[in-house]
Amino acid sequence: MKLKLIEKKEEAKGTKSFFWESEKPVNYLAGQYFYFTLPTLKYPDPRGATRHFTLSSSPTEGNLLRLTTRIRQESGFKKTLDELEIGGTIEGEGPEGTFILDEKEPGPHVFLAGGIGITPFRSMIKYAADKQSLPLRGKNLNTQIHLIYSNSIPEEITFRQDLENLAKSWPNLKLNMTVTKPEESKEPWSGLAGRIDESLIQKLVPDINNNIFWVCGPPAMVEAMELTLGKLNISSGKVRSEKFTGY
């Protein structure tokens, strides 16, 4: 299907959102992804003109599809995408993916996010928050979510204002953000520092075995989190993960 670019928005250092209008209605679930194909590549890219990205928008936010990504100069695809004019069109295909919240499973859920791995969680959090105030099949969705989000520096925290506002307005969301290289930041940081590890999870998550854990980020981060959760004796049935490759 044709997707028309409606808006671009800078979300954090090196990270942008692209908002698309679809030629026909799209029904998707929070956490699913789409395939995006550029008509031509202005810059060479060995991986070609098609990529898949998790939608960072929620189905509750209207008809625009939101693609959020880190713009890497070594990626010909992303450089071409970044230079696409407003009103330009590309091809979209989807939705796909099973990294989605089950509405019958209120949690509590712990989301462990690294970098741009925040995109499915932003979609899920916004969906759950909106659905708690809107009746869903005669019942309100009452999902409990705790987001623990890691970035290198505070300037790279994607959706920071969005997430902070949601945590203030929606009591079902608990938010913790940590940075691994605060010394490299131009912005003062008084929050948590260091990677998400065993001790941090134990410190932040009470009644740890009563939670469902979700992990999303670069492959190395996801693999480290899976090992960490194993050390904490979290059963594999309570861990869902998705690796973001192709940074």
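Select Asn176 first: leaving aside residues up to four places away in sequence, Asn176 touches His146, Leu147, Ile148, Tyr149, Leu192 and Leu204, a contact being heavy atoms within 4.5 Å. This is a predicted model, in which local features need pLDDT of at least 70, side-chain atom pairs count only at pLDDT 80 or more, and totals for chains, interfaces and linings use all residues. Residues are numbered from 1 along each chain as its sequence is written, and side-chain values use heavy atoms, with hydrogens and water left out.

Asn176 lies in strand β9 (residues 173-179); strands (E, at least two residues) and helices (H or I, at least four) are DSSP runs, numbered from the N terminus. With a relative accessible area of 14%, Asn176 is buried (buried means under 20%, exposed over 50%, partly exposed in between; 1.4 Å probe, protein chains only). Display the side chains of Asn176 and His146 to find a polar contact of 2.6 Å (a pair of N or O atoms within 3.5 Å; within protein, one must be able to donate a hydrogen and the other to accept it, and residues adjacent in sequence count only if both atoms are side-chain atoms).

Next, select helix α5 (residues 219-231). Met221, Val222, Met225, Thr228 and Leu229 are buried in α5. Viewed down the axis of α5, the buried residues fall within an arc of 125 degrees, so they line one face of the helix; the arc is taken over directions from the helix axis to the C-beta atoms. These buried residues pack against β7 (109-114), α4 (198-204), β11 and β12. On the other side of α5, Ala220, Leu227 and Lys231 are exposed.

Notes:
A crossover is right-handed if, with the strands pointing away from the viewer, the path from the first strand over the helix to the second runs clockwise.
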